[in-house]
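Subject: Structure handover

Hello,

Please open it first, then read the notes below.

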Amino acid sequence: MLKPLIAAALIFSSGWVSAAEPPLTAARYAQQLGVGIDVDWARTERGIREFDPLEVRDFKAKGFTHVRIRVAGEPTEARLIHLRKLVEACDQYGVIPVIAYQADEYKNDPKADNEKEVVNWWIAVAHYFEKSSPLLGFDLIYEPADKLNHNIASLNRVYDKTIKAIHAIDADRMIFVAPRLRAAPEDLASLRLPAHSQNYVLAEWHIFPWGPLKNNGKYPWTSGTAAEKSAIRSRINTALRWQQKTGHVSWVGGWGVGESSRVTPTASQMAFANFMACELQKAKIPYAINADFQFYDGEEGAWRPGPEPLLQAMLAPVCEKPDEKPGHHVIKSSARDAAHATPAAASTAKSAAPSGSSAGQG
């Protein structure tokens, strides 16, 4: 009589454990995103041609937990098949994939036809990935800018229609939306998100996508003065206040320090990288580093030695605790180290940086 009771108890307990697994929410998803990197594996002809799944292994071994896969062009069968190859490689090596659509035509001309094109693009992608891991994320529009800066009504309309269309196909898919002005945190408040969407819609925003570039003759970062640090904290706090007010969580989709692939990083770059990474980690906001070709040589299938110290500062910064005396640091190591991993003998894409920036000359 005892054995059946024990068996029943085991069945009940195992069923209870399974049922107790909490559902994936945007907040839990954000925690799992951790530190990622922007990649061009689906954006450029070269990136598509030279991608090798072993690159994902290299990125995972280095300590990255997600990749932001930037995509341009129509959702053709060939492009969707290639995207599936990327997503499956991410699944294989335990890296979270986020598909980010450039939507260039829409950004340049937010007319009704182009609004519809964005919605239809995501309908095609949502159908194609309907059975994929719930960790696959959709970043609806990569850096809303250009003429969209002057048409917030159109942007909110596209987000509303696209979110509804995706969730009619795939009810639990995690979706990212970004504000205007190239995803400026100050414009998060202009987003009009669906009611009760806090569990499946996250915001994407960023500052310094290509590093501290000169603006009106001034750099926003030199040596890391108190004023420079305060200005950066203020922008991060803008996002934190928005999160607190709306109940939504957010992700920084890309930040960098400027040109870093050919030279040993400067003291200023190192200080900026460490400060930014520490502030974002302190704020518990996941982030992606911009971009893969700065740190990984696709032709050689190996990490570039020059910017390695910079990459480590962005991945695993040395941060001071608030109650510690200056100079006393806690070193936070990255999840895994690639020192003993054999790099992939494969290529990633080189990408053109935004006009006016030398950052893309990898």
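Start with a glutamate. E50 is buried, at a relative accessible area of 19%. Buried here means under 20% relative accessible area, exposed means over 50%, and partly exposed lies in between (1.4 Å probe, protein chains only). The side chain of E50 meets that of R49 in a salt bridge, 3.9 Å from N to O. A salt bridge is a side-chain nitrogen of Lys or Arg within 4 Å of a carboxyl oxygen of Asp or Glu. R49 counts as exposed, at 57% relative accessibility.

Two points on provenance. This is a predicted model, in which local features need pLDDT of at least 70 and side-chain atom pairs count only at pLDDT 80 or more, while totals for chains, interfaces and linings use all residues. Residues are numbered from 1 along each chain as its sequence is written, and side-chain values use heavy atoms, with hydrogens and water left out.

Overall picture

The protein has 13 helices and 12 strands. These are DSSP runs, numbered from the N terminus: helices are H or I with at least four residues, strands are E with at least two. Of the 362 residues in the protein, 52% are buried. Take the contacts between residues at least 6 apart in sequence: 78% of them join residues at least 24 apart. Contact means heavy atoms within 4.5 Å.

Salt bridges

Side chains of opposite charge can pair when their charged atoms come close. The count for this model is 19 salt bridges. One of them pairs the side chains of D40 and R70, at 3.0 Å from N to O. This pair links distant parts of the chain: D40 is in strand β1 (residues 35-42) and R70 is in strand β2 (residues 66-71), 30 residues apart. D40 is buried, with a relative accessible area of 0%. R70 is buried too, with a relative accessible area of 0%.

D187 and R180 also form a salt bridge through their side chains, at 2.9 Å from N to O. D187 counts as buried at 9% relative accessibility. R180 counts as buried at 16%.

Salt bridges link D38, R68, D139 and E204.

Helix packing

Two packed helices are described by the angle between their axes and the distance between the axes. Axes are lines fitted to C-alpha atoms, for helices over the stretch in contact, and angles run from 0 to 180 degrees between N-to-C directions.

How do α11 and α13 pack? The axes of helix α11 (residues 267-282) and helix α13 (residues 308-315) come within 7 Å and cross at roughly 20°. The two are therefore roughly parallel to each other. Angles under 35 degrees count as roughly parallel, over 145 as roughly antiparallel, 65 to 115 as roughly perpendicular and the rest as oblique. The α11 and α13 crossing is right-handed. A crossing is right-handed if the near helix is turned clockwise from the far one by less than a right angle, and left-handed if anticlockwise. From α11, Q269, M270, A273, N274, A277 and Q281 meet P309, L310, A313, M314 and L315 of α13. By class, this contact has eight nonpolar, three polar and no charged residues. Ala, Val, Leu, Ile, Met, Phe, Trp, Tyr, Cys and Pro count as nonpolar; Asp, Glu, Lys and Arg as charged; the others, Gly among them, as polar.

Next, α4 and α5. The axes of helix α4 (residues 54-62) and helix α5 (residues 77-93) come within 9 Å and cross at roughly 40°. That makes α4 oblique to α5. The crossing is right-handed. L54, V56, R57 and K60 in α4 meet A89, C90 and Y93 in α5. By class, the contact has five nonpolar, no polar and two charged residues.

Backbone points to check

Most residues other than glycine have a negative phi, and most peptide bonds are trans. N290 and A291 are joined by a cis peptide bond, with omega about 10°. A291 is in the loop between β8 (287-289) and α12 (292-295).

A183 is not a glycine, yet its phi is positive, near 65°. A183 sits in helix α9 (residues 180-183) and counts as buried at 0% relative accessibility. N216 is not a glycine either, and has a positive phi of about 55°. N216 lies in the loop between β6 (201-205) and α10. N216 is exposed, with a relative accessible area of 73%.

Best regards
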